[in-house]
Amino acid sequence: MLFSLTWSEVLLALHFTVVVACAVRVLYRQRNTGSAFAWLVILLAFPMVGVIAYLLVGETRIGRRRLARTSEMTQFYQNFASDYLTDEQHFSTDTQLPKSHQGIEKMVKKATGLGANQHNDMQLLTSTDDIINAMIDDIRQAKLSCLLAFYIIEPEGRIDALLQAVLDAAQRGVRCVILADAIGSSRFFRSPWHTKLQLAGVFVQSSLPISLLRTLYTRNDLRNHRKILVVDYYIGYTGSFNLIDPRYFKKDSGVGEWVDVMMRCTGAVVLEMAAVLYADIAVESEENLQLVQSYLLRYEQTDVAAIPTPTGNITTQVIPSAPEQDESIIYETILCAIHSATKRIVITTPYFVPNEPLLIALTTAARRGVDVTLILPEKVDSIMVRYASRAYFPLLLKHGIKIAQFNAGLLHAKTLVIDDDFSLFGTVNMDMRSFFLNLEISLAIYNRNMTAQIAALQQQYLADSRYIDEVDWLYRQKWWGLVENIVRLVSPLL
């Protein structure tokens, strides 16, 4: 009987076996129910394509060697605060934070080893010109070190001037380091700037490099989405801004110029940003691990004495997240913060593709009387994300959540304001990729004045936005809802 089977029947049986094997693996390996369901839909609806896709990007595979170095980096985070922060910068969470925030601080510290610290100062930079000008000025005044880590570096327009400032700093003896994502900054690595900077003595490292060989044991779409600049261990930047000139970046995408925001920080928070950046460099190779250790030794011996004493009054906490961590800590922080809200929640994000727990957190907050507002760009550079995001609008509007569409460009800022005294600010989008797959960084800000500044910026965005009317949205042409809900099936994978 076996020998009477045709080749097509054998291949069909083999294909069926592979699909079933992948489906079983999905059920065993996927921690997120939404992701598991989405993969099962893809495997059953598009068997051949689904199997190939799952084998390539279905699981969080980062490689055994990198995973081993990652465990060392976890210990690095945990030791960093005790090694480099002064006694004054530490404080008692139980007595110096409101009770509503103590749980968040403790949860983050337990996951990352980085607790909240005080005596920081912050400056909110809300325009591209202000961001680039401030960065260039600080780099030009650097005396000890200049550390950069960015998802995208596009060497054109004003970014040429910023890279020239880094090159000049290296030539006058400043220790300069650039970590750039291998995919997001692919144009940078192909440009003359890559070679010019290395020849000037800048240490340039690609983050999460890809290759056909790596595909066999690592997942190539895991990306380093962080944005960090640290100058002299005293000034630090983070936020939504990639090293791009919005006059040129994706100018043919039809979404307008990207609108970004960055936080310029001084104080202990900057040392923790440097720790995250150094850890990302060290985890790439054993050689890098040794290099970072030598940098820290030099820091201990010479640099620490040159850092001015911080004088600010802002308490903040650095939250790094990565797919290899046991907890999706930024995602968990967002959920806890939303559940703690009593008056208002305002979110700005370019990509909004929530899962069930996030939806429940937002809708129940609105139902218990919290004023919930989402500020999203009217146009985004991903068609799939655009449709998936809109599929959630009817449920959100039904529960009284206000959705405002920003129409003065692609609003790329990632901010979350809870009530009057807590905010999250950083690189994290409200989607599954940022929550579970990318390397991200956020600042938890436990301060009324800075939270008020971020809230005021959100109000400026609202002035250039249009609120969605629930009745008008529900009475659109019916086929739009069908398209959006079909795309929604795979939204956990976006």
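Glu272 is buried, with a relative accessible area of 0%, where buried means under 20%, exposed over 50% and partly exposed in between, for a 1.4 Å probe and protein chains only. Glu272 lies in helix H11 (residues 268-282), helices being DSSP runs of H or I with at least four residues, numbered from the N terminus. The C-alpha atoms of Glu272 and Asn117 are separated by 9.9 Å, although these residues are 155 apart along the chain. The model is predicted, so that local features need pLDDT of at least 70 and side-chain atom pairs count only at pLDDT 80 or more, whereas totals for chains, interfaces and linings use all residues. Residues are numbered from 1 along each chain as its sequence is written, and side-chain values use heavy atoms, with hydrogens and water left out.

Helix H8 (residues 159-171) and helix H10 (residues 192-199) pack at an angle of about 20 degrees, with their axes 10 Å apart; axes are lines fitted to C-alpha atoms, for helices over the stretch in contact, and angles run from 0 to 180 degrees between N-to-C directions. The contact, meaning heavy atoms within 4.5 Å, is made by Asp160, Leu163, Gln164, Val166 and Leu167 of H8 together with Trp193, Lys196 and Leu197 of H10.

Note on methods: Helix = DSSP H or I, 4+ residues; strand = E, 2+ residues; numbered from the N terminus.
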